[in-house]
Amino acid sequence: MNIANLPRALCALLGLVGLLVSAQAQTIEPSKLTIAFTGDMPGTGYQDGKMIGYDGEILQRVADALKLQVKPALMEWSGTIASVQAKRVDVMAGTMGWTEQRSKIMTLSDPIHYFKNGIMQSSKTNWATLKDLEGKKVGTITGFSFIPELRKISGLQLSQYDTSDAAVRDMLAGRIDAVIGDPPVVQYAISRNPQWNLRFNAFTDNNPDFPLLTGLGQVVFGLNKESPELAAAVNAEIAKLWQKCEIKKIGERYGLVQDVWYVPVGKNFRAGVDRPAAWSLPGCK
């Protein structure tokens, strides 16, 4: 083969691979991609027949690439994982963090961005450590992976809510002192409601006994274990977005502008667990 023709041939090969993946990706309903999501922005929403939000835009691109029509399945967070396991939906989204436990019950996509957990609180306080939460009344969302770690904090009184809105309402009413929620959701809500007089501080701890609360988090999509072709199609689209740093352009539309969302810093917990030992985390600046 003429070397000059190699790039053209490679592009043609990648295109063929994409077509093969598209053809093989089976969904619950023919010609449709059923998506479970919570509707918490900036992660997910549905408007004018399309998914919106950071997670939502990426899944809309997946659906477009596979020539599938999105079928929205709006639900509370507590029902999303069960819906994937029961094959009532094809994929779930909602700023879900990767955990080893979740990787055992679902196929988890490559990361779409990174995050550090932290404390949503009154602007009158400036808490940023696990110790700051000792003896406090703290709210979080039912089913969040770090709940067992919150229960280990001395004197912490934990309340669980079905939605972020419910947790924030209780904090504004003075019934709880702080909320530990999805960092993108929390920052988005605070930026659009300055009258709340709230702030978000990422944890400054790096405590190996509290890896989910203080470590680097990866936001992923969840799919049924019996849908490997669909998972491959989702990861192929995610890889394109990382390669061109388009993933950051999407994030900027929803206030995710800092490098922390796109640059992996810290231990790669997935290598050798649900990814090959030599697998590295994607990133861009």
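This is a predicted model: local features need pLDDT of at least 70, side-chain atom pairs count only at pLDDT 80 or more; totals for chains, interfaces and linings use all residues.
1. **Helix α9.** This helix covers residues 228–243, 16 residues in all. At 1.5 Å a residue it should span 22 Å. Its end C-alpha atoms are 22 Å apart, which agrees with that expectation.

2. **Burial in α9.** Which residues of α9 are buried? They are Leu230, Ala231, Ala233, Val234, Asn235, Glu237, Ile238, Leu241 and Trp242. An α-helix has 3.6 residues a turn, so residues three or four places apart point the same way. Just after α9, cysteine 245 has a positive phi of about 60°.

3. **Salt bridges overall.** Side chains of opposite charge can pair when their charged atoms come close. The count of salt bridges here is 12.

4. **Glutamate 29 and lysine 32.** These side chains form a salt bridge, with N to O at 3.8 Å. Glutamate 29 is partly exposed, because its relative accessible area is 26%. Lysine 32 has 27% relative accessibility, so it too counts as partly exposed.

5. **Glutamate 57 and arginine 253.** Here the N to O distance is 2.6 Å, again in a salt bridge. The pair links distant parts of the chain, 196 residues apart. Glutamate 57 sits in helix α2 (residues 54–65). Arginine 253 belongs to the segment after α10 (246–252). Is glutamate 57 buried or exposed? It counts as buried, because its relative accessibility is 15% and the cut-off is under 20%. Arginine 253 is partly exposed, with a relative accessible area of 47%.

6. **Glutamate 134 and lysine 131.** A salt bridge joins these side chains at 3.5 Å, N to O. Glutamate 134 is partly exposed, at 34% relative accessible area. Lysine 131 is exposed, at 59%.

7. Some salt bridges share partners. In this way Asp110, Arg270, Asp274 and Arg275 are joined into one network.

8. **The largest pocket.** How much space lies in the largest pocket? About 660 Å³. It is lined by 30 residues. Closest to its centre are Trp98, Thr99, Arg102, Ser145 and Leu212.

9. **What lines the pocket.** Several elements give two or more residues to the lining of the largest pocket. The helices are α3 (77–85), α4 (100–105) and α8 (211–214). The strands are β5 (91–97) and β13 (217–223). By class, the lining has 14 nonpolar, 13 polar and three charged residues.

Conventions:
Residues are numbered from 1 along each chain as its sequence is written. Side-chain values use heavy atoms; hydrogens and water are left out. Helices (H or I, at least four residues) and strands (E, at least two) are DSSP runs, numbered from the N terminus. The expected span of a helix is 1.5 Å times one less than its number of residues. Buried means under 20% relative accessible area, exposed over 50%, partly exposed in between (1.4 Å probe, protein chains only). A salt bridge is a side-chain nitrogen of Lys or Arg within 4 Å of a carboxyl oxygen of Asp or Glu. On a 1 Å grid over the protein atoms alone, a cavity is a set of points where a 1.4 Å probe fits but cannot get out, and a pocket is an open set with protein on both sides within 12 Å along at least five of seven lines; lining residues have an atom within 4 Å of a point. Grid points are joined across faces, edges and corners, and a volume is the space filled by probe spheres set on the points. Ala, Val, Leu, Ile, Met, Phe, Trp, Tyr, Cys and Pro count as nonpolar, Asp, Glu, Lys and Arg as charged, and the others, Gly among them, as polar.
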